[in-house]
Amino acid sequence: MNNIIENKVSNKDEYLDIKQILSRLLYNWYWILFSLVICVVISVLYARYKTPSYKISARVLVNDEKKGSGMLSGSDLLGDLGGLLGAKSTVDNEAEILRTRFLMEQVVKSMNLNMTYYRKGRVKNTELYKSPILVKMVSAEDTIKETNVDVQLLKNSKVSINSKGLDTLVSLDKPFKIEHVGTILISRNPSVADLYNKYRVNITSVDSRVADMMEDLTVEVKNKLITIVDISLNHPIPKKGEDILNKLIESYVQENVRDKNEIADSTVKFIQNRLSFIGKELGDLEGNIQGFKQKNNLADMTEQSKLLVQTTSQYVSDLSKMETQISILKSLQEYLKDGTKNKRVLPSSLVPADLVFSGAVEKFNALTLERARRLIGVTEANPAIVLIDKEIANARADIEANLVTTLDAFTITRDKLSSQMKKAETQVRGVPEIERNYLNLARQQQIKQELYLFLMQKSEETAISKTSNISNSRTIDPPKSEVKPFNPKKAMVYIVGIFLGLLLPVSIIYLKDIINDKVQTKADISRLTNVPVIGEISHNEEESNLVVANSSRSAVSEQFRALRTNLSFYMKTKEEKVILITSSMSGEGKSFVAINLGNVLALSNKKVLLMELDLRKPGLSAKLDISNDVGFTNYIIDSNLTAKDIVKPLNIHKNLSIISSGPVPPNPAEMLLDDRTKELIEELKLEFDYIIIDAPPIGIVADAQLMSAHADVCMYLVRQNFTSKQQLNIIDDLSRSEKMKSIGIVVNDINGHGYGYGYGYGYGYGYGSYDNADNKSKNWFKKLFKS
């Protein structure tokens, strides 16, 4: 039986009743309005006092030969000095450099952004860019914790200081110590007028401020086909944000030029060292030549010697160039070995045009500079540094291999030139020995002189190129703030406020209905049972249990009259007089319904008897304020008592009487099964037009089922928001098994429109929608705040 009921309930629960939902929302309109007002007020306050955030944007054009022509594309400045200026950056690499913490740290330090000044207000503190006070850090703690310092300017150059654990007066420009911050001093900024008197200074560590600024910074390359980097910063003060972004771009440009100058300085240093060494050798050689000439009294060479010089001059020139290049390459090898420990950049303009070698040097220098930049904030054990070291080692190996190959080629060429020159010398063996020795010294002098002049030329070229070093990027769209803040967007805040104001109460009402297992609407009853509803009784606001009177026109009175009318369709003959009232559990209003139903029947000139047969927990006699000393139990026990002895007239109406329960017996069920019970009811049916039996709850004990054999109509009470939905299965089971005949449901304690509004069917006068005159004093404020 229960499985059939559960299947029925499951199928009907799938039906979504829009009218019921709208009814529930209309019934709780005051909650929805209250929530809407609160949420709108909160959204207005949020939009009013939320610190706005402005978006400051800038665009930087980067010279990237891999992605089209930038500002600096084209030929190099001085031909073979192209490699001198270091690695040519790509737009993606430059975007990553702009994102580095190192650049932002420079900005924070140069602009003292770890000191934030506020004007104190009643609701919120407003950040100031130009403050009338300046805080200077004299000596900082090793670890600075974020600290707020309240400052008030007083007379006589005095300042009131209030911070955590500190409340004192200090003089301007006098150092004082703050715990977890260090020693600071406060000075007056004469360029800004003191308009507010009270200020707050937020002091934090540079690292913390850098981390906050990095979160607000965005660097991206939106279009991969062009070489433009878009930079944006979110900040509450537009002018300050523009200055921060300008400073960031300025630091980026300075670092870019510094990297190029570092390579040029490395080249100049290398050349100067070689010039010093070769100059000494050249000076010694010239001294030897002078001494040789004086020793041998050699004033001039013979014609044969001149011919020899003319013949071998070209070979000497070529040989000197080869010797120069071989010397430079060997010096580079030594320089590279010495730089293994020091991680120095390499000069890249001393080797003739070699694309492979230039590319390897550019890569090596770029990695070395990047490593030095990152080591500012991390240690050498950092995984990123370890990875760069591996790449540097690979680039070093490529350079060394290229140097070995080039050196071998130059050595072979030098040997060939030496061989050709020796052949030319054999043609003039008749030259005197002294002149031949002089020729050898002159040739050595020429080689050293060629090398010296070459290095002097490169030194000057490098110095000139350094003066022309410029950044590989330029600002094409300077930092500029948007006119309106992007956050908060007031229109969106208001929309969200209205949406939440509607969503919250609707969601709460919906969830409340889902988790509520109590009977709330007539639809709940119709889904769970086929037993008809024969009456609905509204909530009784009065303290008295008797709400039906001769002249009463209240909603509840009319509903009891409607119930009387509906009962006439069940009790069609004069012999059908007994009405049994029961429920699932106590507290559902059986006694209240019995009293008022009896009175409304008595008002129609019918003799009505109330029988209090809830022998376990009698309450009807107490509600009517009558004695319960003698009653039904006395009649069953004492055979000498008659029906007239226990029938008591009531003052409510002349046609209304009662038989109380009497003393509580130890065996209520056995008393109800006694033969005298049937005899009593049959006797009373001859005297009264209606007999209303107030039975115990059928969901707890079986007493009501025992009495149903004597009843012509069974009224099963269901109380709104009190009776469980599962308890309706009891009613359906009683009806299907025919354990009770002519069973009908009476819904009690209906509160307002939440029960049967909008269904288009039912009994009575609107299921509690009456405009009760007694309830007009109940306004919507009372409904809103009642429990």
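Predicted model: local features only at pLDDT ≥ 70, side-chain atom pairs only at ≥ 80, totals over all residues.
Strand 12, which covers residues 228-235, belongs to an open sheet of 4 strands whose order is 11-12-1-13 and whose pairing is antiparallel. The edges of this sheet are formed by strand 11 (217-220) and strand 13 (473-481), each of which pairs on one side only. On average, and with direction ignored, neighbouring strands of the sheet are turned by 15° against each other.

The pairing of strand 12 can be followed on both of its sides. Towards strand 11, the antiparallel pairing runs over 4 bridges, whereas towards strand 1 the antiparallel pairing runs over 8 bridges. Individual partners can also be named: Asp 230 of strand 12 is the bridge partner of Glu 220, and Asp 230 is likewise the bridge partner of Arg 59. Leu 217, for its part, stands opposite Leu 233 in strand 12.

## A helix packed on the sheet

Which strands does helix 4 touch where it packs on the sheet? Helix 4 (residues 91-98) touches strand 1 (54-62), strand 11 and strand 12, and its direction makes about 20° with that of strand 12.

## Two loop residues

Is Ser 205 buried or exposed? This residue is found in the loop between strand 10 (198-203) and helix 6 (206-216), and its relative accessibility is 18%; because the limit for burial is 20%, Ser 205 counts as buried. When neighbours within four places in sequence are left aside, Ser 205 is in contact with Asn 114 and Ile 144.

Lys 489 is placed in the loop between strand 13 and helix 12 (490-515), and with a relative accessibility of 54% this lysine counts as exposed. Although Lys 489 and Ser 53 are 436 residues apart along the chain, their C-alpha atoms are separated by 9.9 Å.

## Aromatic pairs

A search of the whole structure finds 4 aromatic pairs. In one of them, Trp 29 and Tyr 30 are arranged edge-to-face, with 5.9 Å from centre to centre and 80° between the planes. Tyr 30 also pairs with Trp 31, where the ring centres are 6.4 Å apart and the planes stand at 45°, so this pair is tilted. Ring pairs link Trp 29, Tyr 30, Trp 31 and Phe 34 into a cluster.

Tyr 30, at 4% relative accessibility, counts as buried, while Trp 29 is partly exposed with a relative accessible area of 41%, and Trp 31 is partly exposed with a relative accessible area of 37%.

## Charges over rings

Two arginines are placed over aromatic rings. Arg 48 lies over the face of Tyr 49, at 4.7 Å from the ring centre, and the charged end of Arg 719 sits over the ring of Phe 722, 4.9 Å from its centre.

Notes: Residues numbered from 1 in each chain as written. Heavy atoms only, no water. Pairing = 2+ DSSP bridges. Axes fitted to C-alpha atoms, helices over the stretch in contact; angles between N-to-C directions. Contact = heavy atoms within 4.5 Å. Buried < 20%, exposed > 50% of the residue type's maximum accessible area, 1.4 Å probe, protein only. Phe/Tyr/Trp six-rings, centres within 6.5 Å; stacked < 30°, edge-to-face > 60°. Lys NZ or Arg CZ within 6 Å of the ring centre and 35° of its normal.
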